Amino acid sequence: MRSTGREKLFWTVGLAAVLISALTPVLWLLMLSFKTPATVGDGRLVPAQWTLDNYTTLFEGGLDSPLLRPLINSILIALIATSIAIVLASFTAYAIARLEFPGRRAILAGALAIAMFPPISTVGPLFDMWRALHIYDTYLGLIIPYLTFALPLAIYILVAFFREIPFDLEEAAQVDGATPFQAFRKVIVPLAAPGMFTAAILVFIFCWNDFVFSISLTSSDASRTVPAAIAFFTGESQFTAPTGNIAAAAILVTIPIIVFVLIFQRRIVAGLTSGAVKG
Amino acid sequence: MARASGPKPVLSERARAERRLGLLLCAPAVAVMLLVTAYPIGYAVVLSLQEKDLRFPGEGGFVGLANYVTVLTSELWWTALFNTVVIAVVSVAIELVLGLALAMVMHRAIFGRGVARTAVLIPYGIVTVVAAFAWFYAFDPSAGFVNGLPFVDDDKAWFGERFSSMVVIVMAEVWKTTPFMALLLLAGLTTIDESLYEAAKVDGANAWQRFTRITLPLMRPAILVALLFRTLEAFRVFDSIFVMTRGAQDTESVSILGYNQLISRLNLGLGSTVSVLLFVLVVAIAVVFTRGLGTQAPGREV
């Protein structure tokens, strides 16, 4: 469609508005993280005095520091949950997309229903169960609930990807004597790798983002993830609000995700929209 | 595992092997999902029928629907429900309009499409708690810049009263999740055949007519799916409120109320009642939307 000059201006203004509204709060937080305690309340965007103290104090004391242990927890818990979710989800998604068996429609619908679920509805029972099973405040105690919410998302994305893979290849492999499992492993998995990767990114972002489970099912830095740790930061004394530290920690958990998003933006968009809207 | 070696002429055996494989492959994921959702929900129902307060472990027992009576006759519940509905309706309505505009910008912008897509993914990727802190500090009277803006009262304590707290909470929600809405809508936009617009243009339809007569009707399924996803998500709003007010100034949502009962007050009976009620509400919303979607509901295309 040919565009007139007026339309061009219209869309340019729109684009500028999008950029400003998307980036301003992040920029604000970034600037706040460089302010000294004395200037944190001056309301200026650009710090009057720049400092890196807000960042360095987060790591003072090594593993006992406010941020290091939660950061390690977040990375490990999210990575483990993502890996397990992708493996289990790709089995399920392959079966749903390719195999003929009773209940596959119900499984997909059930998975979708679970994705819509309010996490708080399971928090009370899990809190009680995990204490009885002695996995309250452990990695496992967070990985398991993350899986339930990660699995539906991953299954949904992967079903959409598996459907795109031409059927013939796999049939050819089976005609050549491969079992269904061999056909899956040798033909489908390599072709589905990009889809799996996309699902993995989204699942990882999801786990990284969780707050409800992390503050409810943990009680210490032994397993508390970064979002929960940030929310429970206290200042060095009760008279200093940890504003600068919170801003710095917030920036630190944001950077990996932004880098992720920038590198894989095409895949993320594809993954978000593949299963959700068809025609 | 059954070996289907070579091209077997007997299809029934193959079909049976396929069946078995299908169920086998689904079993682990289904087991995990049942274990951590179906079982806890069932358990939550059981807890909601008991008087169970972990601070008084000796006491309690089966009390029937007493907890439901307590919750449904308490002002706390109705305030929380009212807040949740207001936040969900207002934020989703704003998001639909902004999301549609954003989707059009991403679809139509002559240059910088990639930039726009990347920029909107930043709010999507940011941890909700972090976004909530960004907004909290921006509106904080001592650290923030909002009170320094023109036309804003310098001393305004945004989190000191209910209405302004809710305004900021809704803004934070909108900022964080509009991109998701926009991307779902963009997917719907790209499925519309460009030649329809050309034909309408030839017939003399202006931009607004083309939008209301072509874009909106053809995007109905995409819009409904996006609304369903976002409404259900907005209904469980938690992170932003927890960071900004912790439910003070009557800004509790249903999820915050449930959390406070369950984890802060350790009253598993009353807390589970709130959780079960929230679950029922979410199911009800999903059913209503799925009716509206009809055959276009996600998952039906299998």
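1. Chain B is assigned two domains: domain 1 spans 17-65 and domain 2 spans 75-293. This is a predicted model. The C-alpha centres of domain 1 and domain 2 of chain B lie 30 Å apart.

2. The two domains of chain B do touch. In domain 1, 10 residues are in contact with 9 residues of domain 2. Together the domains bury about 830 Å², 69% of it on carbon and sulfur atoms. Ser48(B), Lys52(B) and Leu54(B) supply 42% of the area that domain 1 buries against domain 2, more than any other three residues.

3. On the domain 1 side, helix H1 (residues 11-48) of chain B gives the largest share, 5 residues. By class, that side has 5 nonpolar, 2 polar and 3 charged residues.

4. Salt bridges over all chains number 4. In chain A, Arg104(A) pairs with Glu100(A), with the closest N and O atoms 3.9 Å apart. Arg104(A) is buried at 18% relative accessible area, whereas Glu100(A) is exposed at 53%.

5. In chain B, Arg230(B) forms a salt bridge with Glu95(B), closest N and O atoms 2.6 Å apart. Arg230(B) sits in helix H9 (residues 220-235) and Glu95(B) in helix H3 (residues 75-108), so the pair ties together parts 135 residues apart in sequence. Both residues, Arg230(B) and Glu95(B), are buried.

6. Arg230(B) also forms a salt bridge with Glu233(B), at 3.0 Å between the closest N and O atoms. These two lie in helix H9 of chain B, 3 residues apart, about one turn. Glu233(B) is partly exposed at 31% relative accessibility; Arg230(B) is buried at 1%. Shared partners join Glu95(B), Arg230(B) and Glu233(B) into one salt-bridge network.

Key
Residues numbered from 1 in each chain as written. Chains lettered and ligands numbered in written order. Predicted model: local features only at pLDDT ≥ 70, side-chain atom pairs only at ≥ 80, totals over all residues. Heavy atoms only, no water. Domains from an automatic or database assignment. Contact = heavy atoms within 4.5 Å. Buried area = accessible area lost by both parts, 1.4 Å probe. Helix = DSSP H or I, 4+ residues; strand = E, 2+ residues; numbered from the N terminus. Nonpolar A, V, L, I, M, F, W, Y, C, P; charged D, E, K, R; others polar. Salt bridge = Lys/Arg side-chain N within 4 Å of Asp/Glu carboxyl O. Buried < 20%, exposed > 50% of the residue type's maximum accessible area, 1.4 Å probe, protein only.
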